[in-house]
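These entries record what I looked up in the structure shown below.

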2 protein chains.
Amino acid sequence: MELVETVQELNNALRNHRHGVIGFVPTMGYLHEGHLSLVRKAKKECDFIVMSIFVNPLQFGQNEDLSRYPRDLERDFDLARKAGVQVLYHPSVKEMYPSEPLVTTKVSESISNVLCGKYRESHFDGVTTVCAKLFHQIKPDRVYFGQKDAQQLAIISQMVEDLSFQLTVVSCETVREEDGLALSSRNVYLSEEERKQAVILSQALQDVRIGLESRKWHNTDEINNYVRDKITTMPLAEIQYIEILTYPDLKAPTSLYNKQILIALAVFFGKTRLIDNILFPTEGDSHVPYDDEIKITSSNRNRS
Amino acid sequence: MELVETVQELNNALRNHRHGVIGFVPTMGYLHEGHLSLVRKAKKECDFIVMSIFVNPLQFGQNEDLSRYPRDLERDFDLARKAGVQVLYHPSVKEMYPSEPLVTTKVSESISNVLCGKYRESHFDGVTTVCAKLFHQIKPDRVYFGQKDAQQLAIISQMVEDLSFQLTVVSCETVREEDGLALSSRNVYLSEEERKQAVILSQALQDVRIGLESRKWHNTDEINNYVRDKITTMPLAEIQYIEILTYPDLKAPTSLYNKQILIALAVFFGKTRLIDNILFPTEGDSHVPYDDEIKITSSNRNRS
């Protein structure tokens, strides 16, 4: 595995691999099994795997955890190499933003002003801007994102369509601890007691799924109240939001059973903000369909 | 020359030409010598030339001339072919915008709220969005823009840097009629009398250049007053703006002779809005340097 830190080094490292399918896994580092599962999926579908590690200042708010975001490049390097990453791109902030960017990407409030975006002003402008830059620098054919950041996945897919990026966004299932807690680099912040109580998030969502499968729930309020009651049994949990939206267009659903829906939540344990979600029905990559052709254009997708 | 109307047709047409240098000339059609001079420059520097003709609704305001913007595809086709264009891309609005785009590009007010952008709200958001899409669809190595739309050229160059597009923006000199009038598709709107009077724009700018060369001017007010007085000798001229800014960063200059400056104006003749400008000193492509390597990355450029 090659570690590169500049666009020039990246170009050199990729020059002889452009004939094959390039898979890209963007991360903020502090890798866990969730990231590595993206790499494994990419390995199955691509000829050459690039991972980026970049803690993007543009997507952190003023009161967020940019400075204390966990980092361990040496460990990440080792994990990425073992998972089969061929080029690890770790640019400096100066390489990515030599000066304040004056032309950026902007996400419509209709999809940014719900879920996490409602509480993290301009977060998704920062996410899409850094992804646009990374997509231009790496020029991948397939890009891998986890469903845990469901809004991010929906918005990146929207950007790929709207800006005509010629690449395929691949949606990957959330990886969980044995007790159900969704993997996150931020889990390291949790105290032992917080960690124990945090299991309530996936338990509540699992109950919701079972209820949906049996058509027990009649409307979003029922689900919302159930999840709220269940989570508040944990004294350290402080709910930021519980939202039920259609997916991937992130609108209020008129029915629970017409279209794919997202049940998503963000809950603080102490200072640590955890998110989790489920999609119902579960269909793996259904909303970004798998294609027989590896290179599919966005307009192809619209027509298919 | 091949005429293509969809991304898929475009991909087919370009498939066998990716090994060479692809030059791209984006236009809104109704071609004139200005556009053709871009093609001729591209021919010298590239192996394969793509031109787009797309009147982009996103960059027109509600009270602007979208519906009456002049069009003549048959004539354009002929002119493009004779000039040496190999693929003419003429997508429909539906091909470019199958639905309202929710993720777009956004230009900072520091460079969009001056010159034309001040009078055309969100115009440059529309220009950068359509260019980002075209760049993704065509994947050119070199893209050709005229200096007549100086703010557009500055903003596109800024986008290429800020979003890390891996392509070179080539700046091309304004082409003029024999009497000095800058070529524009909108010149066709002018009555005979308006056309006669419109020559005052280039004459005023030419006087300014001569004054700058002899260091006659001491500050921007002197130039501004001179140009205003000269243009108002024409009874049909209605000045929208005369602005003097540093180029390409579009800031108020502290001196006329420290950095490259732009003297730009927009003047109505009847309903027809004409723009013109000069750069001083004139240095052809100096602010977007010519490169020996054809493929140069934006980060390379920052370091050079």
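**Basis.** I worked on a predicted model, in which local features need pLDDT of at least 70 and side-chain atom pairs count only at pLDDT 80 or more, whereas totals for chains, interfaces and linings use all residues. Residues are numbered from 1 along each chain as its sequence is written, chains are lettered from A and ligands numbered from 1 in the order in which they are written, and side-chain values use heavy atoms, with hydrogens and water left out.

**Symmetry.** I looked up how the two copies are related. In general, two copies of a chain are related by a rotation about an axis and a shift along it. I found that chain B is superposed on chain A by a rotation of 180 degrees with 0.0 Å of shift along the axis, at an RMSD of 0.0 Å (least squares on the C-alpha atoms of residues with pLDDT of at least 70 in both). This is the relation of a two-fold axis.

**Extent of the interface.** I counted 36 residues of chain B in contact with 36 residues of chain A (heavy atoms within 4.5 Å). Because 100% of the interface residues of chain B are also interface residues in chain A, the copies meet through the same surface. The buried area is about 3000 Å², with 54% given by carbon and sulfur atoms (accessible area, 1.4 Å probe, lost on putting the two parts together and summed over both).

**Strand pairing.** I then examined β5 (residues 103–107) of chain A, which pairs with β5(B) in the antiparallel sense over 5 bridges (pairing requires at least two DSSP bridges; strands are DSSP runs of E, at least two residues, and helices runs of H or I, at least four, numbered from the N terminus). Within β5(B), B:V103 stands opposite A:V107.

**Salt bridges.** Which count does the rule give across the interface of chain B and chain A? It finds 0 salt bridges there (a side-chain nitrogen of Lys or Arg within 4 Å of a carboxyl oxygen of Asp or Glu). Over all chains, my search of the whole structure returned 22 salt bridges. One of the entries I checked joins the side chains of A:K82 and A:D78, at 3.0 Å from N to O. A:K82 and A:D78 lie 4 residues apart in helix α3 (residues 73–83) of chain A, so about one helical turn separates them.
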